[in-house]
Amino acid sequence: MMQEINPAHTSRANAFEMWMKAPMPMVTLFRTLDVTSLYRISRRCGLKFNMLMCWCIGRAAAKVKEFYMLPVNGRLIRYDAIAVNTIVADRRGEVSSCDIPFDNDLSRFNEDYLRLTHEVAESSISHNITDRMVIGTSALVESEIDGAVGMYSGIYNNPFMIWGRYRKRFFRIRLTVSFQFHHTQMDGAHAARFLDVLQSEIKHISSK
């Protein structure tokens, strides 16, 4: 469910006034994550690494209340649930977009991830969820990148994460990610906390 709320009645009142009409309100943070646990579980359990990343992103975002509000068309919208978007290579050789509803249960999230990405790949029709706050992701796994900054269009204000190929060094696997967010939605401290929580979710995934 989603509903418009009065920014003045939220913790984002000042940010809404300062950043809603700013010409460049997007901020990008970079972080190198230790994803050794995801790599090992992916190999041991036959689960897709990208799916595990998306699930951990959803778990981390669910613990940061700012993710449940988003500026949309000049208004502030509150959501009661989250989805994670992934980019899918489709049968045309192009890419389509796929929103996956976040579920705290890994097995159910995995089932939705596999089913929806398969449907999008076969149909070449993007799957969009409009009643959840969607976190965008893009995995450029064919390349090693040090970071990426998204493009601000003034239309798509959703938070967005980009990463490339993970790097192996000694006995650890590391992945550099970029996280872009609208300053109306959250401040740098909230974004940094999200990345801290994300690292914790990745580190402890084996115990879930």
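Helix H2 (residues 36–45) and helix H3 (residues 49–62) have axes that come within 9 Å and cross at roughly 130°. That makes H2 oblique to H3, since angles under 35 degrees count as roughly parallel, over 145 as roughly antiparallel, 65 to 115 as roughly perpendicular and the rest as oblique. Axes here are lines fitted to C-alpha atoms, for helices over the stretch in contact, and angles run from 0 to 180 degrees between N-to-C directions. The model is predicted: local features need pLDDT of at least 70 and side-chain atom pairs count only at pLDDT 80 or more, while totals for chains, interfaces and linings use all residues. Residues are numbered from 1 along each chain as its sequence is written, and side-chain values use heavy atoms, with hydrogens and water left out. Helices (H or I, at least four residues) and strands (E, at least two) are DSSP runs, numbered from the N terminus.

H2 passes H3 in a right-handed crossing. A crossing is right-handed if the near helix is turned clockwise from the far one by less than a right angle, and left-handed if anticlockwise. On the H2 side the contact (heavy atoms within 4.5 Å) is made by Leu38, Tyr39, Ile41 and Ser42, and on the H3 side by Phe49, Leu52, Met53 and Cys56. By class, 7 of these residues are nonpolar, 1 is polar and none is charged. In this scheme Ala, Val, Leu, Ile, Met, Phe, Trp, Tyr, Cys and Pro count as nonpolar, Asp, Glu, Lys and Arg as charged, and the others, Gly among them, as polar.

After H2 comes Gly46, with a positive phi near 70°.

H3 also packs on H5, at an angle of about 130° and with the axes 8 Å apart. H3 and H5 are therefore oblique to each other, and their crossing is right-handed. H3 contributes Met53, Cys56, Ile57, Arg59, Ala60 and Ala61, and H5 contributes Phe194, Val197, Leu198, Glu201 and Ile202. This contact divides into 9 nonpolar, no polar and 2 charged residues.

What of the cysteines? The structure holds 0 disulfides, a disulfide being a pair of cysteine sulfur atoms within 2.5 Å. For Cys54, the nearest cysteine sulfur is that of Cys98, 9.4 Å away. Cys54 is buried, with a relative accessible area of 0%. For Cys56, the nearest cysteine sulfur is that of Cys54, 9.6 Å away, and Cys56 is likewise buried at 0%.

The loops remain. Most residues other than glycine have a negative phi. Asn73, in the loop between strand E3 (69–72) and strand E4 (75–79), has a positive phi of about 50° and is exposed at 65% relative accessibility. Ser124, between helix H4 (106–123) and strand E7, has a positive phi of about 60° but counts as buried at 16%. Ser143 is in the loop between E7 (133–139) and strand E8 (160–163) and is partly exposed at 37%. Leaving aside neighbours within four places in sequence, Ser143 is in contact with Gly164 and Arg165.

Technical notes: Buried < 20%, exposed > 50% of the residue type's maximum accessible area, 1.4 Å probe, protein only.
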